[in-house]
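Hello,

Here is the structure you asked for, with my notes below it. Please read them with the model open beside you.

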Amino acid sequence: MLKQLQTQKQQHTILPQQIELLNLFHLNTLELEQRIQDELTENPVLEETASGDESLSDKFSKDTVQDFQNWEEYGYDDIPDYKTEYKNYLSTEKIPEKPMAEQTDFREELKRQCRYLSVPEEKYYLFDFLIDSLNESGFLEQDLEELASEISFSRKTWIEPSELEETLTHIRELDPFGAGCRNVQEYMLLQLKKMNIKQPDVRMAICLLEEHFQDLRGANLDKLKKQLGLEDDEIRIVLSLLAHLKTRPFTQPVAAIQVNPSILPDFVILDEGEKLEVALYRQRSSNLHISQSWVEMVQNAAHNDKVEKSARQYLRSKLSSAQWFINAIQQRESNMLKIMNAILDMQYEYFKYGDILLLKPMKLKDIADKVKVDISTVSRLTCNKYAETPFGTILLKDLFTEGIVNKEGNSISNKVIQSIISELIETENKKEPYTDRQLVSILANRGYSIARRTVAKYRELLNIPVAQIRGLWE
């Protein structure tokens, strides 16, 4: 028997243009430049006017030609050739005393090794994406679900976190070994499982890391000895084994000079004396415009019956696409400036003086409420974005931190606490390093009341081992 039912349902759908706009929001300066160049190549309706940099370059070239026109006036003088020739190659003040070794970025080496794995070529982009997401120590800090969502948006195809997990297992086997581990615990376990697990000290070390890592991290050795029934010598042997494990997949050699990748900032913060000003490093919407000849062509084709329907539709689609692209770039730049101004307003003292102790707790929601936009918009417009400040170039992601209330009732950024812990451990007596409980007491004397497990958590985030292992290193 057939029945008719009438239901009312509210559903939210994302249009393809909205997805494309979110992808534009996520791009940094270099990626946006490539995206614009691709659009200029594909769409003849879109045109670009020469920027001020190009005009300066042309002027420089003309001046250079003018210089050589007067060569006869000074080309033949009495200065011996050897006095000018040598300085063309080496400065007398900065003569290198020994060769400088240049080291290739470990990410590029990992990508090269991936090409020799028995995996389909269409999966290479997953390897490249995860490798580019590694930090300078080789750890993967971001959650796989977040990364899966990010790559799904950029590739316009759904990627499951389980697929990224499978890719990570391959990356961890490459050189440097263990790249892609999430933390020190996972990396140390990976090293131990490559050893002879039949040896008692290796088995006990694996047990400590897997089942008693919290106690080991908190340096509760007395509790561990009672639980496991170990003697002082036995626990010392196990700790000595842990102390000789690597704590990070990649460590830059001291003798080598790492060539830093070029980072183009997305924002520039200028100190104008009385106030700070925010500007985009490169404003692109002002250089893009619609070709007037194409606009006339579309108008003429619309009133000309001799022009085929498919041709008229092609012309209209290209014009519409170019107009949308320019509007999208303008919307991106407008939102970026609003968000950066809101961040500057909340972190004014930090940007003014460059002291990390002045950094205030700040969440994505705080900026979203201030600018009246969605949290996802703030997330995408601050992801992988850099700001050039009077004290250096900073990653905007590092400004978003949780807060801890001190004795005065003021909220302090956890980055401040981490900075203090790092400074205390760096200046400690290496023969008698601070335990986590001692660090809690020192922080309490400075007005920061936090739990021991919180200190252990921050120490682990900084990739700093427990006091016993630091003492064994010495």
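Leaving out its neighbours within four places in sequence, Phe351 is in contact with Ile269, Leu276, Met340, Ile343, Leu344, Thr389, Phe391, Ile394 and Leu399. Please keep in mind that this is a predicted model. Phe351 belongs to the largest nonpolar core, which has 48 residues. Met340, Ile343, Phe351, Ile367 and Leu399 are the residues with the most contacts inside that core. Helix H16 (residues 309–346) supplies the largest share of this core, 13 residues. There is also a second, separate core of 24 residues, and Leu126, Ala148, Leu164 and Leu168 are among its members.

Ile269 stands opposite Val278 in E5. Strand E4 (residues 267–271) and strand E5 (residues 276–280) pair in the antiparallel sense over five bridges. The hairpin of E4 and E5 has four residues between the strands, and Gly273 there takes a positive phi near 95°. E4 also pairs with strand E7 (residues 386–389), in the parallel sense and over two bridges. In that pairing, Phe267 stands opposite Ala387 in E7.

Next, some backbone points to check. Most residues other than glycine have a negative phi, and most peptide bonds are trans. Two residues and one peptide bond are worth a look for that reason.

- Lys372 is not a glycine, yet has a positive phi of about 65°. Lys372 is found in the loop between helix H18 (364–371) and helix H19 (375–382). With a relative accessible area of 71%, Lys372 is exposed, because the cut-off for exposed is over 50%.
- Asn384 is not a glycine either, and has a positive phi of about 60°. Its place is in the loop between H19 and E7. Asn384 has 36% relative accessibility and so counts as partly exposed.
- The peptide bond from Asp175 to Pro176 is cis, with omega near 10°. Pro176 sits in the loop between helix H9 (161–172) and helix H10 (184–192).

Is Gln142 buried or exposed? Gln142 has 18% relative accessibility; buried means under 20%, so Gln142 counts as buried. Gln142 is in the loop between helix H7 (124–132) and helix H8 (144–155). The side chains of Gln142 and Glu146 are joined by a polar contact of 3.4 Å. Not counting residues up to four places away in sequence, Gln142 touches Ser133, Leu147, Glu150 and Lys397.

Finally, the totals. The protein has 474 residues, of which 39% count as buried. It has 23 helices and 10 strands. Among contacts between residues at least 6 apart in sequence, 64% join residues at least 24 apart. The protein exposes about 30100 Å², and carbon and sulfur atoms supply 49% of that area.

Regards

Note on methods
Residues are numbered from 1 along each chain as its sequence is written. This is a predicted model: local features need pLDDT of at least 70, side-chain atom pairs count only at pLDDT 80 or more; totals for chains, interfaces and linings use all residues. Side-chain values use heavy atoms; hydrogens and water are left out. Buried means under 20% relative accessible area, exposed over 50%, partly exposed in between (1.4 Å probe, protein chains only). A polar contact is a pair of N or O atoms within 3.5 Å; within protein, one must be able to donate a hydrogen and the other to accept it, and residues adjacent in sequence count only if both atoms are side-chain atoms. Contact means heavy atoms within 4.5 Å. Two strands pair if DSSP finds at least two bridges between them. Accessible areas come from the Shrake-Rupley method with a 1.4 Å probe; for residues, only the protein chains shown count as cover. A nonpolar core is a set of buried Ala, Val, Leu, Ile, Met, Phe, Trp, Tyr and Cys residues joined through side-chain atoms within 4.5 Å.
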